[in-house]
Amino acid sequence: VRRALPVVLALVAAQPAGAAETTMPPKGVWLIDVSYVQSTIDKAWDGNRQAQSLIDPIPRYEPGAGLQGILSARPVATYQIALFQIAYGLFDWLTLAVNVPVVLRTTIDANFQWTPGDYQSSIGRKYSLDDFWAWAASLGQPRPADHWVGNQGTLADILIGARVLLPQPKVMRPLGLRIAGSLQVALPTGHEPDPEELISAGTTTWDLHAYGDVEVHLALDRPFLIEPSGVARVNIGADFFYSYFRPRTYQTPTGSLNPLILTYAPYVGSTYTIDPGDWFGATLSFDLAMIEGPTLNTWLSRRAGSTFGWPALLTLGVGYTYIATQQTTWQSSSPQWDWDREKHWLPGDKNLVRVVATLSLLRLGLPLQIYGGYRAQDWIPGRYTRAADLFTVGARVVLKAW
Amino acid sequence: VRRGAAACAVVLIACGAAQPPPTREVLHLYGTPYARGLQHGAQLSSKIHSFYTTLLTASLFPYLGREQSDLETLLPIYQDPRYANGAFAYQLMLDSAHNVEHSLTDDERNELRGLSDGSGMSYDDVLVLNTFVDTLLAVRAIALAIRLSRAPQLTQLWVEGSPPQPYQVVPWAALTEVPSSPVFHVTLADPDGIDRASVRAEVDGTLLGADAVSFADVDAGVLDVRITAGDLGPPGAHTLVISASDTAKTDIPPPTHENVMRDEEILFTTQGTGLDAHDVLRPRLDDGRTRPPPVAFALRGSAPLLAQNFALLDANTAHNHTVVLVHHPDDGPAFATVGWAGVVYGFSGLSSAGVGGACNPSDTLNNSVVANVLAHVDDLSKARLVASGTPIGFTLRRVLSTATDAASAVATVEALSHVYGWSCVFADAAGGASHVEVDSGAFSAPAVHADEVATQDALIASSAYQLLLDDAPTLSVAGEHVVPQRDWSGFFFRSQRVAAAVQRSLTPSMGVEEVERLLGDAQLVDPSDSMNAVVIEPAARRLSAAMGQVPATAGPFEAVEVMP
């Protein structure tokens, strides 16, 4: 589990020696992985690494009567996602994979709050939140629901990828390194949010802000303390990657549903473009084989012929990922409107910490691995990014036709 | 941005960061009126569309649209289909814009056409954008006056021990030499009855508790309120503020509310102060219930200065669209105005002839919209809320284009008919300064050349009339009351307070920096609707403006020189 959604190849862990960043199934082996991911996001990091609401406060004014108050929200958005992954070892040195993320549903609790503004002589008091919405309703602006549910059974961007075990130069062999390169491409199958809705969420790579449209990885593993069974007690891995995001064009809200808050089209233009900017990231991971477990004489071991290098019964992995994010740029007919959004997406960074426990039952005769993990993006503050925390639980089956 | 991304990322530094666009611009416009409009429109096209949409389409039009249901009962023309389906506010503004257009010169219309062509915005929309301020103020004045006429009225005021006196709003002290621990009585009247819980009394910004305020019914809907102010200390000027609501609930317009009277600010002095009522300056009042209105002042002398702190309507958008337009016409003096994208004028400006001016709106029912309703008072089915006359921004433009000194500036203003009430100050390079108050002449009240309110070497004009106190008569029209400004305007009291604050702060031969600091004083700054602040040096032909943020004085003053 690397970022907001598990990335295909990083999950392929049924690998001799338990290497984490360069794992690949051997030739002819299938990995079928099903997992449930719950991603929760409730904050964004500002330029001072301080947590802020995901939505800017909206000061509301009564024409000529000053500040009515400041409408703010502390939204909490939760994505529940099912991931279906299939990887196949075409050769021992080449793995192909596809990952189909299906958003089961997205819920957003807006948590609207109100800071009263100026005294309003016309009503003899300061506006309350209810006063404001009553006022807004008289201007044609409906009060949005505090709770939104959507994206039920909606595809996110499907990922396809390949990982290649790179030949090691002779000079590097004494280092005991294992080096792999991978390429991952997102297909634009995700769903964009309704532009006219005040509260909604999409399922594209940009909306999830978890992986790029195209990613290139270079990963290294170095096992230590290798047992006679082939299990490495410790593995240190590293991964360097570059994520490219394609520019995308969106429809501008016209205010048909929210005339007071989302009437942008007359000056923004009917469409606008977002260039999300690219990422550069690096991961450092440690995998500890906590319990090697017994290796039973089962149909599986007999069919395989050898159990050398099969994963330990229980492996604990911890990792840290740093991602430098480039400026996200908006392009419309209104530079001011663009800037009002760009100022929250200046060049910044993410700091991700993950913990994963994997229970491998191969040694007990079942071609099954069960794993669970947590990845936090708010333990170490970032800059100009949103902090999504992620809980994952899943199972993968290893299949091979002998 | 994409180029070099990898390099940026590798060294883990921020690069390619977006930069904010300017919220203030300075445009030099050359040539014929049409050419200048074209340049303005082309260079600020994005901001013009943005300003129109965010201020008018998404803010003012919906706000004004709420008045339709009330107005169409009085003026049935607004039941016409062309005002239906949300078109009421725009159509109302457009009706007035077309009417006001008759008062514009060919050059002014050509400039607007150029602006339309340059920006890609329709001529009608450009016309609305350039006329809505005066029209809106006039319509809003009518709505506000009607609303306040339904609220409780303060009818009597006296100090305990003296006989009851009819309450009359005056810009000076209503009571003088009262005891240092006074007990006041006010009579509140409303046919719906007074909500006792809503009665609010404060002295010098301190809300009085229930033990200091008691009530006695005088008659149905008439309440005597006894207010024990407590010991006010040494002799001095104080402010008693009274407000109350009636017992009727209304949700027109929402939210649901009672009919609330204006905060009546009663200025008084305690024994030993020794000032004539007219000489008492209103003290500072920090009760958080009002904000300073616009204020302008001129300093005569060898280095004359004209300054203005303008506040009216920012709506969280105007500050993103500020612009200083420096016109270089083919003939006539160059001139600069401080305003907004898509608007060909401002409420302050300076010409290369060394004449500067600044105007503040002054609430009045003696406005052109009322005048046009009165013209059809015998048959209201034909009456419309339509403005006529010259908007003050165009008036100021004509001053800057033609005036040679402050006196001729005043003459230009007085010669025009006006859409709404305004109070303007002019200063010239020779050290002259003049102040003029105008209304629309709907009740035959003339403009007042108010130069005589000069205080030593300074002229101070705020938002309320100082001399035109009887701007409108007290009468009923179709069941609605017409009253002078002092009886209904929410600007009336605070306007005198801000003028007093300026008067207390002015010193002989103040320099530009001192004046800029004064403009940033909390007593002068509206934190919500501040729009710009200017210091004009007519002799130096220099105009310094702070704008582009709220409040305007939170940013620096930046100078523009206006040379021939």
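Start in chain B: in the hairpin of β25(B) and β26(B), four residues lie between the strands, and R541(B) has a positive phi near 55°. Helices (H or I, at least four residues) and strands (E, at least two) are DSSP runs, numbered from the N terminus. This is a predicted model, in which local features need pLDDT of at least 70 and side-chain atom pairs count only at pLDDT 80 or more, while totals for chains, interfaces and linings use all residues. Residues are numbered from 1 along each chain as its sequence is written, chains are lettered from A and ligands numbered from 1 in the order in which they are written, and side-chain values use heavy atoms, with hydrogens and water left out.

**Stop 1**

Two strands pair if DSSP finds at least two bridges between them. Across this pairing, E537(B) stands opposite R542(B). Buried means under 20% relative accessible area, exposed over 50%, and partly exposed in between (1.4 Å probe, protein chains only).

**Stop 2: the disulfide**

Stay in chain B and show the side chains of C359(B) and C424(B), which form a disulfide with sulfur atoms 2.1 Å apart. C359(B) lies in strand β18 (residues 355-361) of chain B and C424(B) in strand β19 (residues 422-428) of chain B, so the pair ties together parts that are 65 residues apart in sequence. A disulfide is a pair of cysteine sulfur atoms within 2.5 Å; a search of the whole structure finds one over all chains. The torsion about the S-S bond of C359(B) and C424(B) is about 110°, so this disulfide is right-handed. C359(B) is buried, at a relative accessible area of 2%, and C424(B) is buried too, at 1%.

**Stop 3: chain A as a whole**

Switch to chain A and show its C-alpha trace, which spans about 85 × 35 × 35 Å along its principal axes. Its secondary structure comes to five helices and 21 strands. Of the 402 residues in chain A, 55% are buried. Contact means heavy atoms within 4.5 Å; among contacts in chain A between residues at least 6 apart in sequence, 73% join residues at least 24 apart.

**Stop 4**

Select residues 67-73 of chain A, strand β4(A): six of the seven residues are buried, so the strand is largely enclosed by the rest of the structure. Strand β3 (residues 58-61) of chain A pairs with β4(A) in the antiparallel sense over four bridges, and P59(A) stands opposite I70(A) in β4(A). The two strands form a hairpin with five residues between them, and G64(A) in the turn has a positive phi of about 80°. β4(A) also runs antiparallel to strand β7 (residues 112-116) of chain A, joined by five bridges. There, S72(A) stands opposite Q113(A) in β7(A).

**Stop 5: helix α1 of chain A**

Select residues 129-138 of chain A; in this helix the buried residues include F132(A), W133(A) and W135(A). What covers the buried residues of α1(A)? The cover includes β3, β4 and β7 of chain A, together with α3 (45-65) of chain B. After α1(A) comes G140(A), with a positive phi near 90°.

**Stop 6: helix α5 of chain A**

Next select residues 335-342 of chain A, helix α5(A), where Q336(A), W337(A), D338(A), W339(A) and E342(A) are the buried residues. They pack against α3 (265-268), β15 (271-275) and β18 (329-331) of chain A.

**Stop 7: S229(A)**

Finish at S229(A), in the loop between β12 (214-226) and β13 (232-244) of chain A. S229(A) counts as buried, at 17% relative accessibility. Leaving aside residues up to four places away in sequence, S229(A) touches E292(A), T307(A), F308(A), G309(A) and R363(A).
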